[in-house]
Amino acid sequence: MKKYTKPTNNPLTKLPDALRQELATYVMKNQPTAPHLAMVADKHISSSGKTPKERVFEFACQVANQFKLPSDIRNYLDKASAARFRKYGFKRALQFIESRSQAAFAALSVLPEPFWKIDTEFKRARLATELSGRAGFHFETSVKMGLSPQETIARIHEFVGASLWMPQFEFVENEERAYSILARLLDESVWRRAIEKSTIAAFENARRAAGMISPHISPYASISACEWLKVRQDRQREWLELMAIESEHGDCVDMSEVHASSQANPENRRHELMTRIAGCQEYADANNHAAVFITMTTPSRFHRLKKRGHYWIENPAFDGSCPRDAHAWLSLNWSRFRSWADRHGLDYYGLRVVEPHQDGTPHWHGVFFMPLDQTGAFIKALQNYQYQQDSAELYDASGKPKHKAMKARFDAKLLDGTEGGAVAYLAKYISKNVDGFGLDDLTDSDNRKAKLQDTVKNVTAWSRQFCFRQFQFQKTPSVTVWRELRRIQDKQEYCLFEKARRAADMGFFSAYFDYMGGHRLPQSLRPIKPRTEAKENKYGETVRHIIGLEGSGLVVLTHETEWKLVKKPAVKQEASQDGGSRRPWSGGNNYTPAEKPTRQQQIISNFLLQCELDRCGPPEYEEFFST
């Protein structure tokens, strides 16, 4: 039966639960009695002459619209503001709600659509369907009008807003590129990926601005981001268990086994990273090269929190920048340094790692090897580029340098090998960002309550939400060639190619490094290169696919067998003892009902149907391997 509620003018009904209960409790505890009995009842009217009820209603009217945010942010602000009101009163609670909600609204304002239209996966999929359909309508209209491909793209950008979600398609180089862009703008899966990528990053940045990422609540990434990662991994794991790959010769391999043996497996990823950095260390020792450990951080305006003693407090210099902006700032300084180093002939190689601070702001660590006489120029040049931008905070009013701020911006240390060398320094960072191996009972240096093994999921969620490349080697031989060499099982003619194959097969990255030309040779001049062939994708673009390796006069194919994705055959149920016929439900019922498909069969059927209709994004395994 439908219930009819009487409309009310009580502003408390517009507030979330926790804050509303605190305000109601305040009114009950401070409700004044008759004026001539106020002192007897130990009740006092405020100096402004307003009763507690009037003060609460005024406060509720001021903050009611500040809670129109995504549900998880709203719940956090509700509980946090209730705690502040209970402890500090109206003024501090009002300041907290206004500052945090405005910061969250500003972070969400970068989205082309209102957040309530794209706050769920279903809504984002529906928006992708709508925008791709509108793009198709304007495409048909442009064809009837006789417009060129470039004019058609401009029309779709103008009336559909494609450039707001996919700015990379706004500039068209030539007509051939225009046709491939048109094909992508008409593809619903392209729209869905673009919407997902922008929305997920914007929502996480809003949570960060609201204060949901901190050492006191959830370091590195929000609780919602960790839950999103868990759901995504569960889906991918379930999909892997239901699928397999089949070769043209009839061989079939489960996708779960393929995943376990690939770099998507965190354990294999950690092993390869440690093997490569250990090989760089061995190569450096053989050539008497020095190792430099560096730390690069961003200016204060990128950090939402700052540390004061043992506590973390709000940073008044924070300007609302997202982690992607901070990473772009570091990348720009590094690219300028690389150009300078190439012009001046600096020979360096090594690994840089991107990881978050407690508030989600990225910073870089790196170990680089070089001749000892170049270490001074390397450190000084990189330091100068780190100090060029936002240098005002590095000096006081009299022009004297702030050594603590300068060290926080850039720090370099020459490794002498007494503490284990480069491998020992980077082992913790690699394990902390991959699978947490060997980090038992270790805590973060900035937050002793955060155990590194427990926060691996937070770091992984942070990197996936903002699409950061966590590890990047500099000026080392191609890892693609290294992996392809390890796929070759047969011995080749004894030459440089065979030496490199044996080194890769046995895991000696230092020998492989030497056989590939050392640290001075650019990638284009390496003796062994991938062999590719051109293929056309569904968007009409010519892409290069690796089919093998070539070098030293040899060509070895490593991808001769064609594999295709198939679903596993359904597990047949055991036949019953009466020959497999299903017994009737009763003596008068001769109808045998059809077997209800299992949940696994329904998932596979829906997936294949969506692929046939081309109405979904890429398969989950492609997203899994791309991360």
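## The five-stranded sheet

In this predicted model, five strands make up an open sheet whose order is β8-β3-β7-β6-β9, with antiparallel pairing; helices (H or I, at least four residues) and strands (E, at least two) are DSSP runs numbered from the N terminus, and two strands pair if DSSP finds at least two bridges between them. At the edges stand β8 (410-415) and β9 (471-474), each of which pairs on one side only. From one strand to the next the twist averages 15°, where axes are lines fitted to C-alpha atoms, for helices over the stretch in contact, and angles run from 0 to 180 degrees between N-to-C directions.

Helix α13 (residues 323-343) packs on this sheet and touches β3, β6 (349-356), β7 (362-371) and β9, its direction making about 20° with that of β7; contact here means heavy atoms within 4.5 Å. Six bridges in the antiparallel sense join β3 (residues 289-296) to β8, and I294 stands opposite A412 in β8. In a regular strand the side chains alternate between the two faces of the sheet.

## The three-stranded sheet

A second open sheet has three strands in the order β2-β1-β13, again with antiparallel pairing. Because β2 (252-254) and β13 (563-567) are edge strands with a single partner strand each, one side of each is left without a neighbour in the sheet. The twist here averages 30° from one strand to the next.

Helix α10 (residues 223-242) packs on the sheet, where it touches β1 and β13, and its direction makes about 45° with that of β1. Strand β1 (residues 243-247) pairs with β2 over three bridges in the antiparallel sense, and I245 stands opposite V253 in β2.

Strands β10 (residues 529-536) and β11 (residues 542-551) run antiparallel and are joined by eight bridges, with E550 in β11 as the bridge partner of K529. Five residues lie between the strands of this hairpin, in which G540 takes a positive phi near 80°.

Both strands are also packing partners of helix α18, whose buried residues pack against α12 (266-286), α19 (496-506), α20 (509-515), β10 and β11. Within α18 (residues 479-487) the buried residues include V479, V481, W482, E484 and L485, buried meaning under 20% relative accessible area, exposed over 50%, and partly exposed in between (1.4 Å probe, protein chains only). The N-terminal end of α18 is capped by S478, a side-chain oxygen of which lies 3.1 Å from the backbone nitrogen of T480.

H559 is placed in the loop between β12 (554-557) and β13, and its relative accessible area of 32% makes it partly exposed. Leaving aside residues up to four places away in sequence, H559 touches E484, R487, I546, I547 and G548. The side chains of H559 and E484 are joined by a polar contact of 3.2 Å, a polar contact being a pair of N or O atoms within 3.5 Å; within protein, one must be able to donate a hydrogen and the other to accept it, and residues adjacent in sequence count only if both atoms are side-chain atoms. H559 and I547 are twelve residues apart in sequence, while their C-alpha atoms lie 5.0 Å apart in space.

S218 lies in the loop between α9 (188-210) and α10, and with 4% relative accessibility it counts as buried. Its side chain reaches the backbone oxygen of A221 at 2.5 Å, and a polar contact of 3.2 Å joins the side chains of S218 and N458.

Helix α6 (residues 149-160) has buried residues that pack against α5 (121-145), α7 (162-165), α8 (175-185) and α9; among them are P149, I153, H157 and V160. Just after α6, G161 takes a positive phi of about 80°.

## The chain as a whole

The chain has 22 helices and 13 strands, and 44% of its 627 residues count as buried. Among contacts between residues at least 6 apart in sequence, 68% join residues at least 24 apart.

Residues are numbered from 1 along each chain as its sequence is written, and side-chain values use heavy atoms, with hydrogens and water left out. As this is a predicted model, local features need pLDDT of at least 70 and side-chain atom pairs count only at pLDDT 80 or more, whereas totals for chains, interfaces and linings use all residues.
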